[in-house]
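Please keep the sequence and the model in view while reading.

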Amino acid sequence: MTPPTMNMNFTTFSNTINGESRLSPITTSSLNPSTESPLWPVPVATPKDVEEAIHSANAAFPSWSSTPFAERLQKLEQWKQLYEPYIEAFTTLLMQECGKPRAVAAGEAHEVLALFDHNLQLRMPEERLEDEARVVVTRHVPVGVVAAICPWNFPLVLSVGKILPALLTGCCIIVKPSPFTPYSALKMVELAQKVFPPGVVQAIGGDEAVGPALVQHPDVQKIAFTGSSATGKRIMAEAAKTLKRVTLELGGNDPAIIYPDVDIATTAPEVVQGCFVFSGQVCVATKRVYVHESIYEPFLEAMVEATSQMTVGKADDPSTTMGPMQNHMQYTKVQELVADSHAQGYIFALPPQSIEGKGYFLSPCIVDNPPPTSRIVMEEQFGPIVPVLKWSDEKEVIACANGTTSGLGASVWSADVARAERVGRLMQAGSVFVNSWAKTTPRAMLSGHKQSGIGGEWGSTGFLEYCNTQVVHLFK
Ligand code: NAD
């Protein structure tokens, strides 16, 4: 079936409740991080809006969850077709709301297609076991109404990555974008209204009251959350009161272990990419680099050289390879970590440079072998500063890599791939990359060990997190 054509504008934004655009007497707007000038107004959802969205989702659930799977798939396909002509418009929007250089923003807008393609080939598994007495059928049923609470770093991919499996399993979903980056998710949900019945997919945003209201509500059955570990803990504590299901995708402090047999000239620039893509504001960015002592100096030098070639600037400047920090809060937090490293007397292999004028710009910097327990090593910096540390003993470096409360990602680099894989398997992390920085795929689960999360998203495993398991025992 051909989806209806439409002509969307990308300058007005609204919440979506029960299939309709909803404004509010109160509006807010985010700032373009490249210029600090306000972007478009967005409505702040009122408590009544939250209540109505939850009511509509529950009203839509019986019909949507009993819609045949093939029909739900077909609707996802239609939504994908509606989205495709707007990839360029979403790319521009992501540049404006996140401060992403064009290539990074376009990467996110295209990743949405990969998410669609992955979800479109998923099927609900069913297992049948049989003995003389009975047939046992293990099946999966949708949990109900899901609230998707999203961060600011990948506002489109991380909301669509929750919406697609929720809708496919038969759940109804309410998206709550980050107040820092509400625009692309609001627009994507607006687009979905051409395809899905009212109440099936909604979006409400505005201020910091909306998230807790969704988490506390007894008629929301699951929270799919991506954000900081601190907020994840608060959500889990609050969700316990109504025993909601939670998927928590939280912060990381990903180590990279570099063996002495790597080709320095090709590896160092790749490691630098892993540290500084989108100014380090990536959950699975490399946040600590452990380099074998025998190549420490030339490797550090090559990292400095590759980093120095990055051009910091406004997102829409074609020469920019690194944009600003997305918001003032994160900008201040990273500046504070830089100041702490200076105050502690650590050596900067690449010192930060001051950047004048508007915009949350920080130049990338590299700290040379700070103490293993320093703040810059132990905390998630989520910005363009990275510590490089020396190692000599394999057991010790594995212990250091695993020696934080985080467990999101890790990478191991060696010409001996078998060795790198062996060590990779010892990493306490949900995603391990051998001879690559974190290049995730929607086809495989993204999850955190330890305080980096509970459960996970994407892949066929993440898909089933939108379901309860039901076992039907058929006695003969
Ligand atoms: P955050 O925790 O500050 O906010 C995330 C979302 O939660 C926002 O929408 C916010 O409005 C909402 N929120 C805040 N307090 C809430 C509460 N008490 N109840 C309900 N909702 C609440 O995170 P952030 O600063 O937007 O994102 C950056 C963090 O996200 C980093 O730590 C990063 O590592 C992490 N992250 C993790 C992944 C992953 O897949 N593991 C992916 C991207 C980002």
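The points below treat the annotated regions, the sheets and the aromatic rings in turn.

The structure is a predicted model, in which local features need pLDDT of at least 70 and side-chain atom pairs count only at pLDDT 80 or more, while totals for chains, interfaces and linings use all residues. Residues are numbered from 1 along each chain as its sequence is written, and side-chain values use heavy atoms, with hydrogens and water left out. Helices (H or I, at least four residues) and strands (E, at least two) are DSSP runs, numbered from the N terminus.

**Annotated regions**

- An unreviewed UniProt entry assigns the annotation "domain: Aldehyde dehydrogenase" to residues 28-472; UniProt positions are given in the numbering used here, feature names are shortened, and annotations may be inferred rather than shown by experiment.
- The span of residues 28-472 is 39% helix and 22% strand, and its end C-alpha atoms lie 50 Å apart.
- The annotation "active site", also from an unreviewed UniProt entry, covers Glu 249.
- Glu 249 is found in strand S11 (residues 245-249).
- With a relative accessible area of 5%, Glu 249 is buried; buried means under 20% relative accessible area, exposed over 50%, and partly exposed in between (1.4 Å probe, protein chains only).
- Leaving aside residues up to four places away in sequence, Glu 249 touches several residues, among them Phe 225, Thr 226, Ser 447 and Glu 457; contact means heavy atoms within 4.5 Å.

**The sheet of seven strands**

- Seven strands make an open sheet with mixed pairing, in the order S14-S15-S16-S13-S12-S17-S18; two strands pair if DSSP finds at least two bridges between them.
- Strands S14 (347-350) and S18 (431-434) each have a single partner strand and stand at the edges, so one side of each is left without a neighbour in the sheet.
- From one strand to the next, the twist averages 25 degrees; axes are lines fitted to C-alpha atoms, for helices over the stretch in contact, and angles run from 0 to 180 degrees between N-to-C directions.
- Strand S12 (residues 254-258) and strand S17 (residues 409-413) run parallel and are joined by three bridges; Ala 256 has Ser 411 in S17 as its bridge partner.
- Helix H13 (residues 394-401) packs on this sheet, where it touches S12, strand S13 (286-292) and strand S16 (385-391), and its direction makes about 170 degrees with that of S13.
- Four bridges pair S17 with S18 in the parallel sense, and Gly 409 stands opposite Ser 431 in S18.
- In S18, Ser 431 and Phe 433 make up a covered face, whereas Val 432 and Val 434 make up an uncovered one.
- Helix H14 (residues 417-424) lies across S12, S17 and S18, and runs at about 165 degrees to S18.

**The sheet of three strands**

- An open sheet with antiparallel pairing has three strands in the order S5-S6-S22.
- Strand S5 (127-130) and strand S22 (467-475) stand at the edges with a single partner strand each, so one side of each is left without a neighbour in the sheet.
- The twist in this sheet averages 20 degrees from one strand to the next.
- S5 and strand S6 (residues 134-142) run antiparallel and are joined by four bridges; Glu 130 stands opposite Val 135 in S6.

**Aromatic rings**

- A pair of aromatic rings is described by the distance of the centres and the angle of the planes.
- Rings of Phe, Tyr and Trp (its six-membered ring) pair if their centres lie within 6.5 Å; planes under 30 degrees apart count as stacked, over 60 as edge-to-face and the rest as tilted.
- The count by this rule is 14 aromatic pairs.
- One of them is the edge-to-face pair of Trp 40 and Tyr 183, at 5.2 Å centre to centre and with 80 degrees between the planes.
- Trp 40 belongs to strand S4 (residues 37-43) and Tyr 183 to helix H6 (residues 183-192), so this pair ties together parts that are 143 residues apart in sequence.
- Trp 40 counts as buried at 17% relative accessibility, and Tyr 183 is buried with a relative accessible area of 0%.
- Trp 79 and Phe 196 also form an edge-to-face pair, with 5.6 Å centre to centre and 90 degrees between the planes; Trp 79 and Phe 196 are both buried.
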